[in-house]
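The sequence and the structure are shown here.

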Amino acid sequence: MRVKVAEYAALFYERGRLVWDDYLHHRQFELTEVAERVCRAFAEFADPDEVCAELAPEDAAAVRKVVDELVEARVLVVEGSAEHGEEQALLAAWASWGSSARHFHFATRTLGDTRYASWTEQDAELDDKLATNPPPPPFKRVGTGPVELPKGNGLPDWANRPLLQVLLERRTTRRFGEQPLDLAELGHLLRIVGGPLPVKGAIGRSGTVLKTSPSGGGRHPVELYLHAQRVEGLEPGWYHYDAARHVLEPLGTTWTPEQVATSAGDQEWVGEAAAAIYYTAVLGRTRWKYDTARAYRVVQMDVGHLSQTAYLVATAMGLRVGFTAALRDELVEEVLGCDPHHEIVLGVTALGRPRRRR
Ligand SMILES: Cc1cc2nc3c(=O)[nH]c(=O)nc-3n(C[C@H](O)[C@H](O)[C@H](O)COP(=O)(O)O)c2cc1C
């Protein structure tokens, strides 16, 4: 029999203890120093009898005991066993995404017996929380001198376009015309994508709001920032969209088209857009309700829903639009002043007018 240390787990220190995190089977336990040293001896498949034969007899018996315990605990896998097969399938399928992707996926993958709280239990928990720990505000305010967005009376013409037609027309465009956007249509788009709806539901009691897009737990962690390059009536530069007041808050910086493209992983078409909406998520809003790692997935899904709304509204308006997740997060964090422990960068929607036909 040959055994080796399993590769469906990660090792990390937590409060000074070395933790074996078998993310594939959702098992976590402490590894002793001796167990860790034994694991090192079995980095490659080896026969425990042969390994122990090289040790002094009193050490051999102790090491053999630890090996047997580690085999029993599936920290060491036996060559040809079911666990070995599982490990090989995992490594083969997830090789190109590396160990952190497979760790996150399987650690947050729910199992057949994962317990979900009932609505009644969730409500009771929420009530307790509301009494002691109020939720963070649903909108961010940067506080810089606001630029008013046109209020707009009534529905614009494009709002009557049939949904199915808009869905069929929606395409990602990577070519934009030179003509500027107008501030009123940009205001419409920001309000429809990021603004609160004038409706109240049960969800409102936890201090959150409803929008045109759904959001996990109604938490709406996503914030919208605008980089304007060619918008009539708006100075080029960076703004935060304060959805509660429907105003733009200038951030005091303007990027060149090259800087915009660099932030979007060197995609020139993003730099050529008339404007770009960058999405971040304020994690505290979602964390307030959900304290499991799986909530991180929910945040990513939230931005997908908002981005699709932006796609559809921009398409209905006759604009050109494209989303990208290929971003240099750090550059965007720096310009927006985001602390990545609390507000994370998610993606960008580039917007512009169609190119004029010659
Ligand atoms: C999450 C996500 C990430 C994307 N990232 C990029 C990107 O980095 N660069 C790009 O040119 N397009 C990107 N796109 C656009 C896709 O390439 C596009 O949706 C796809 O080619 C299908 O075309 P369609 O949107 O016209 O249906 C992204 C789309 C989504 C939803």
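A polar contact is a pair of N or O atoms within 3.5 Å. The model to which this criterion is applied here is a predicted one.

| Protein atom | Ligand atom | Distance |
|---|---|---|
| R170, polar side-chain atom | oxygen | 2.8 Å |
| T324, polar side-chain atom | oxygen | 2.7 Å |
| A325, backbone N or O atom | nitrogen | 3.4 Å |

Taken alone, the ligand exposes 620 Å², and the protein buries 55% of that area. The residues around the ligand are R170, R171, T172 and R174, together with Q267 and W269, and F323, T324, A325 and A326. Sorted by class, this shell comprises 4 nonpolar, 3 polar and 3 charged residues.

Turning to the helices, helix 4, which spans residues 82-94, packs with helix 5, residues 98-107, at an angle of about 120°, and their axes are 10 Å apart. Because of that angle, helix 4 counts as oblique to helix 5, and the crossing of helix 4 and helix 5 is right-handed.

Conventions:
Residues are numbered from 1 along each chain as its sequence is written. This is a predicted model: local features need pLDDT of at least 70, side-chain atom pairs count only at pLDDT 80 or more; totals for chains, interfaces and linings use all residues. Side-chain values use heavy atoms; hydrogens and water are left out. A residue is near a molecule or strand if one of its heavy atoms lies within 4 Å of it. A polar contact is a pair of N or O atoms within 3.5 Å; within protein, one must be able to donate a hydrogen and the other to accept it, and residues adjacent in sequence count only if both atoms are side-chain atoms. Accessible areas come from the Shrake-Rupley method with a 1.4 Å probe; for residues, only the protein chains shown count as cover. Ala, Val, Leu, Ile, Met, Phe, Trp, Tyr, Cys and Pro count as nonpolar, Asp, Glu, Lys and Arg as charged, and the others, Gly among them, as polar. Axes are lines fitted to C-alpha atoms, for helices over the stretch in contact, and angles run from 0 to 180 degrees between N-to-C directions. Helices (H or I, at least four residues) and strands (E, at least two) are DSSP runs, numbered from the N terminus. Angles under 35 degrees count as roughly parallel, over 145 as roughly antiparallel, 65 to 115 as roughly perpendicular and the rest as oblique. A crossing is left-handed if the near helix is turned anticlockwise from the far one by less than a right angle, and right-handed if clockwise.
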